[in-house]
Amino acid sequence: MGIVAKLTLRHLGANRKRTVVTILGIIMSTALISAMLLGFFSLFKFFGFVSVQRDGNVQAVFYEMDAEQIRALKADDRVLYAGVSDGDPRVSGVRVDSGRAERYRVGNIIQADSDYFSEMIVSDYEGHLPAGSSEIAVEEKFLEDNGLELSVGDKLPIEIGNRYYEEPDGSIAHVGGDYNSRESFDAVSSEICTITAILHDNRPTDSYSVLRGMGQDGFPEQLYTEVRICLRNTDHTSLSQINQLIAEYGADRHDINMDYMVSVLAFDEADGAFKGLLEIIAIGLLIVMVTSVILIVNSLGMSLAERMRYLGMLASVGATAGQKRFSIYFEGVILGAIGIPAGIVAGIAGTKATLVLLGSRILQADFITGAENVKGGIPLSCSPWVILLIVALSGVTIFAATMVPAIKASRVMPVDALKQTDTVKVKAKKLKVSPLVRRIWGCEGELAYKNIKRNGLKGTVITVSIAVSVVMFLTINYFCDSIQRVNTYDLDLPYQLVAQCSQQDSGRLRDSLLKMDGVDDVFTGEVIIYTFDSSDENTDLANGDIADRKYISSEYEEVNLKSMSLVVVDDADFIEILRKNGLDEREYFGSGLKGVLLDDLFREDGSGGVFDPDIVGQSLHYDKAEDNPPSVEVGSLVKYDGDTRAYKLIPKDNVGLFVPESMYFTHAAVTLGEDYLTHEFCVVTDEPKEVREKIYELFENEGYENYSCMDLSNATEIMDTVTLTLKTAMYGFTTLLTLIAVANIVNTISTGVLLRRKEFAMYKSMGMTGSGFRKMIRLETVLYGLRALIFAIPASILLSYLMYSTLETKLMTFRPDWLMYILVVAAVFLV
């Protein structure tokens, strides 16, 4: 080991506090880089696994293929499976004669070939998969719901047809999914099929109760043909392989499984969501690296200032510029050799703990569709190339931080080092102090002011360190706050079930629900969406007069009003809104249908100002009045209040016009006809699954019409989990970045104080008392903080505004968190 390396090690040992703080900063930055990369790539890999569990082993779906194209696809060397299924809605329904209620007897059926079953069956099953049209696979739950004790090899008579309901205008709408009492079943054929397989909750086909075989050449009509593609080799080229198949086979109508593409890092033409995700990762990594560079630069800058004399001594005895540069680079290598491995270990441990704890919450909430049967947390994917990438990024960060101090070290000359001319560069006239400073703060204030001026490089490093830390923290805080503001999943639904029946039966349903065991409350909460924009030319669009941009205030001029939600609430809830806003009830319970428009987008107390007052008096209505919900006049604008239950019925970014139920149904009966009216009740309960079954029993036994019941408790848990995940990611990132910033400030200031020990000793030798000394230091602190904040506060506002202005769609006004600015100012002086 050379003399330069030995001196560098000795210098690090002699300055243990600064060395430890610098290493801790490197550990935190490396841990943050590790957490971001390991977390995101673990999620990517997990999404691939979930994609298979949810959608089957499928990378793309091609529609409307003819028989010749299908045969060619099946013979293509790049394709492992080309599964064909029939998407004809006229033969998508199935019904069995079990003697049970209709909602159990009716289900959905898919007819497909053996390749389809090889791709789509990922669960356990008994028997063998269907090979012809006389063979079927049946979901175990469908048999249980119908009380059918059948086994593999048994015969099952089924009716195949379609489920539909008649629209008010007489048109027919085919339906699938959960059963609704409005629907009817039109049988096309009756079959007796052999059960060859019983499926145990197969997620990719969970919307089908029965899967029927289809011969290899028994292709459906081209219009309804769906071909699911599974590639033979899936890797980072998967997306280009799919695109080649699309071009060669003319598959104009197609879908690509981008969740799976991301999991194998096939990013070539990833959709906007994943591009945005990658951009966020890149921005986050850049912020971490820049903050870390500043920390290390300041540390090495102080180290360089402290070593100026001995570097000058080395130069005087023949040390070359390269050897002096080596001194700084070697210091960076030593710090990195300790900090990077420790940071990676900390990052792996933190990421694994987060994925286990937060991942278990995500899985329990069924947040990721298709991962319902996955136990534990999300597994950590820690591949060697990811570790190498972390080491490379951390190494680049340290190298970038050592470059400037290394160049300065190489230029140190013996005379300059002894005189410390680079450390203190100030002319005498710049040290003049205003008499006002001495009069207010005394001689200690004058000394503090002069020290700031004469400290030169050290003073600048301290000021820049504080300023950059403040800018980083406030900018990141604004970024996190902006994401939180537009998080539409941050919705506190005040109910768990939605029970619907005909309007004629609504009164007795409400009474029955209130008496039902397990039900805590029942209230009206029906949301009808009036649309102002559509890509479907055949859709009758809502009248756009109320959506005229002249009714949007200048602050929200970027808001694109595509729809408005008409929210029907109990009369009591509506009256509560009126009273809180000082409005007269008589205006809203007269002859016309009037509502109040919520003048808010982000559900924040004190926010608002979205609409111009001229919107009052305008009407929300459809182009065609007949067979549509009634038109509603805007009676007034109302402010958001977090204690009002009705405001929680629609998410952020949704414009809500609230009307009382008595007035709405009176007018809707005229517009729609009383026979077509349904009434939705929100049901509050702690036992959603049990209460849902009781409600269905009530519907079936008491002769209700047009009934259905939806369980939203799982959706509520998913929304809570999304919000929790978002907050954990944001605040975890902010916390670590704050720790790095604090380490930066503490390291810089404490090292600066240590460098001035001789100066402080001189002051005390001249008679400065302890109280005077503390006063001087405090005044210096105030001056450093003021200098830094004068730069940092405007820079933070500017960067936050630039971040706001780059949003593709500005769904928010520019509103920094001024309370956070005040807290940061206080924190600067405290730190």
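Biologist: What is the length of the polar contact that joins the side chains of Asp570 and Arg510?
Modeller: The model is predicted: local features need pLDDT of at least 70, side-chain atom pairs count only at pLDDT 80 or more, and totals for chains, interfaces and linings use all residues. Residues are numbered from 1 along each chain as its sequence is written, and side-chain values use heavy atoms, with hydrogens and water left out. A polar contact is a pair of N or O atoms within 3.5 Å; within protein, one must be able to donate a hydrogen and the other to accept it, and residues adjacent in sequence count only if both atoms are side-chain atoms. The side chains of Asp570 and Arg510 are joined by such a contact of 2.9 Å.

Biologist: Is Asp570 buried or exposed?
Modeller: Asp570 sits in the loop between strand S15 (563-569) and helix H17 (571-580), where helices (H or I, at least four residues) and strands (E, at least two) are DSSP runs numbered from the N terminus. Contact means heavy atoms within 4.5 Å; leaving aside neighbours within four places in sequence, Asp570 is in contact with Arg510, Val522, Phe523, Thr524 and Glu661. Buried means under 20% relative accessible area, exposed over 50% and partly exposed in between (1.4 Å probe, protein chains only). With 9% relative accessibility, Asp570 is therefore buried.

Biologist: What relative accessible area does Asn257 have?
Modeller: Asn257 belongs to the loop between strand S12 (254-256) and helix H8 (258-263). Not counting residues up to four places away in sequence, Asn257 touches Ser51, Arg54, Asp55, Val58, Gln59 and Ala60. Asn257 counts as buried because its relative accessible area is 12%.

Biologist: What share of the residues in the chain is buried?
Modeller: The chain holds 23 helices and 21 strands. Among its contacts between residues at least 6 apart in sequence, 82% join residues at least 24 apart. Of the 831 residues in the chain, the buried share is 49%.

Biologist: What phi does Glu64 have?
Modeller: Most residues other than glycine have a negative phi. Glu64 is found in the loop between strand S1 (60-63) and helix H3 (67-75) and is partly exposed, with a relative accessible area of 29%. Glu64 is not a glycine, yet its phi is positive, at about 55°.

Biologist: Where is Asn706 placed?
Modeller: Asn706 also is not a glycine, and its phi is positive, about 50°. With 18% relative accessibility, Asn706 counts as buried. Its place is in the loop between helix H19 (688-701) and strand S21 (708-711).

Biologist: How many charged residues does the contact of H1 with H2 have?
Modeller: Helix H1 (residues 3-14) packs on helix H2 (residues 16-55) at about 95°, with the axes 5 Å apart; axes are lines fitted to C-alpha atoms, for helices over the stretch in contact, and angles run from 0 to 180 degrees between N-to-C directions. H1 is therefore roughly perpendicular to H2 (65 to 115 degrees; under 35 is roughly parallel, over 145 roughly antiparallel and the rest oblique). His11, Leu12, Gly13 and Ala14 of H1 meet Arg16, Arg18 and Thr19 of H2. By class (Ala, Val, Leu, Ile, Met, Phe, Trp, Tyr, Cys and Pro are nonpolar, Asp, Glu, Lys and Arg charged, and the others, Gly among them, polar), this contact has two nonpolar and three polar residues, and the number of charged residues is two.

Biologist: Which residues of H21 and H22 make the contact?
Modeller: The axes of helix H21 (residues 757-765) and helix H22 (residues 770-805) come within 10 Å and cross at roughly 140°, so H21 is oblique to H22. The crossing is right-handed, meaning that the near helix is turned clockwise from the far one by less than a right angle (left-handed if anticlockwise). H21 contributes Phe760, Tyr763 and Lys764, and H22 contributes Phe773, Met776 and Ile777.

Biologist: How do the residues of the contact of H22 with H23 divide into nonpolar, polar and charged?
Modeller: H22 and helix H23 (residues 818-830) have axes that come within 10 Å and cross at roughly 155°, so the two are roughly antiparallel. H22 passes H23 in a right-handed crossing. Residues of H22 including Leu786, Leu789 and Ile793 meet residues of H23, among them Trp818, Tyr821 and Phe829. The division is 10 nonpolar, four polar and no charged.

Biologist: What distance separates the C-alpha atoms of Leu739 and Leu24?
Modeller: Leu739 lies in helix H20 (residues 713-754) and is partly exposed, at 41% relative accessibility. Leu739 and Leu24 are 715 residues apart along the chain, and the separation of their C-alpha atoms is 9.5 Å.
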